[in-house]
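User: Please take me through the sheets of this model. I want the criteria behind each term.

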Amino acid sequence: MKAEEFLNLLAAAGYDFFTGVPCSIIGDVILLLEKDPRIPYVPAVREDVAVGLAAGAYLGGKTPCVLMQNSGLGQCLNALTSLNLIYKIPSLLIVTWRGYPPKPALERSEGADKDAPEHLVMGKACTKLMDCIGLPYRELSPKNVAKSIEWSREMTSQRQIPVALFLPRGVLQ
Amino acid sequence: MKTTAVLKTIMETLKEELVVAANGRVSREAFALKDRPQNFYMIGSMGLASSIALGLALTQPQRKVVILDGDGNVLMNLGGLPQIGERLPPNLVHIVIDNETYGSTGSQATISRKIPLEKIALASGYPVVEKVTEEKDFKLALERCLEKKGPSFLLVKVEAEEGPEGLPRVSHSPVVIRDRFMETIRRGVLQYAPTLLPSPATGATNAKTF
């Protein structure tokens with residue numbers, strides 16, 4: 001899927017305030033947001049600041065979406081647990097999945113595509129972290145993007161908590 | 001200057017402004033002095049009051065938003081200052097009550113004893129920066145910061161005092177704090193008419209003011 005199509009799906013679902021910290025996996029989406037006069041995008045200095053900005057935008061009547069790499073998820077844990085979850089402030093978190101765990105068969109093979117060392121621990125832990133704090137999430141694949149974005153809107157409005165969509169490399173062109 | 005006296009002046013001066021109050025003593029004092037639906041007491045997420053308030057100020061450009069912050073909070077999210085300076089919301093007032101300690105955990109020192117937060121605010125792009133050390137100067141400085149086109153930054157140097165044990169905790173649940181805060185925003189009170197931004201009356205959306 002092209003970055004433009006991805007962004008259009010998010011906008012069509014009602015997300016109207018964007019903030020975050022770039023990752024190469026969603027680099028093109030952020031470049032588009034920077035130029036798009038329809039949708040506000042605030043480049044954040046850190047991922048938990050983005051979560052805070054999004055929370056303020058929600059209080060102000062917006063439907064926020066935060067973009068980040070999974071390396072920034074750890075930065076956000078206190079904001080998610082002691083702000084979003086207790087005040088019931090929803091946000092869609094689009095979390096790029098660096099250090100995506102290779103499938104067992106691939107892991108054994110010589111040519112297994114491993115990410116840089118700094119991503120491997122969080123790559124294995126990031127979805128478990130979501131389980132630990134009780135945040136719903138889904139893994140994006142080329143086939144489920146539209147449905148997953150739809151699901152995120154249903155979840156955020158029903159449960160009024162953040163949800164994460166994990167985005168591995170290869171889903172966006 | 002005492003923290004309670006400073007916050008009392010602030011709470012008596014405010015009208016319909018939205019307030020985001022940092023965790024710890026600041027929230028507890030604000031709650032004890034004048035609980036109002038326009039107060040968002042941030043009981044956790046230390047450091048993020050300025051960022052929550054920025055998101056709010058950008059999406060509610062017709063309302064004045066006041067951050068009641070502390071030195072420990074500002075230092076924990078120092079990036080929050082240039083984050084505000086980059087967007088320059090004219091409707092944002094950032095008040096920092098600086099007692100140079102982590103007051104709620106037993107008055108351990110912060111580094112603001114040596115580090116001038118007002119200079120960081122100035123370098124971060126706040127067009128209005130004031131520092132007050134004498135109580136007699138505070139009210140006028142506060143009024144200037146509330147009236148001028150912001151974002152404005154008001155650093156108030158206060159005495160370090162005993163912890164807030166005597167102060168009640170905020171008794172509303174977080175969800176109640178959220179609900180009444182959002183309700184007061186939905187009701188809407190126009191208290192700030194930005195001259196350089198599109199007026200809501202022209203049908204322009206908030207997003208265009210970014």
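What follows is a short exchange on the two chains.

Analyst: This is a predicted model, where local features need pLDDT of at least 70, side-chain atom pairs count only at pLDDT 80 or more, and totals for chains, interfaces and linings use all residues. Residues are numbered from 1 along each chain as its sequence is written, with chains lettered from A and ligands numbered from 1 in the order in which they are written.

User: What makes strand 2 and strand 5 of chain A edge strands?

Analyst: Six strands of chain A form an open parallel sheet in the order 2-1-3-4-6-5. Strand 2 (41-43) and strand 5 (137-139) of chain A each pair on one side only. The twist averages 20° from one strand to the next.

User: Why are strand 1 and strand 3 of chain A called paired?

Analyst: Pairing needs at least two DSSP bridges between two strands. Strand 1 (17-20) and strand 3 (64-69) of chain A share four, so they pair, and they run parallel. One of the bridges links A:Gly20 with A:Leu67.

User: How do you know that strand 7 and strand 8 of chain B pair?

Analyst: Five bridges join strand 7 of chain B to strand 8 (152-157) of chain B, in the parallel sense. B:Val132 has B:Val156 as its bridge partner in strand 8 of chain B. The open sheet of chain B has the strand order 2-1-3-4-8-7.

User: What share of chain B is buried, and what makes a residue buried?

Analyst: Buried residues are 49% of the 210 in chain B. Each has 20 or more other C-beta atoms within 10 Å of its own, with C-beta atoms placed from the backbone.

Definitions and conventions: Buried ≥ 20, exposed ≤ 12 C-beta atoms within 10 Å, placed from the backbone. Helix = DSSP H or I, 4+ residues; strand = E, 2+ residues; numbered from the N terminus. Axes fitted to C-alpha atoms, helices over the stretch in contact; angles between N-to-C directions.
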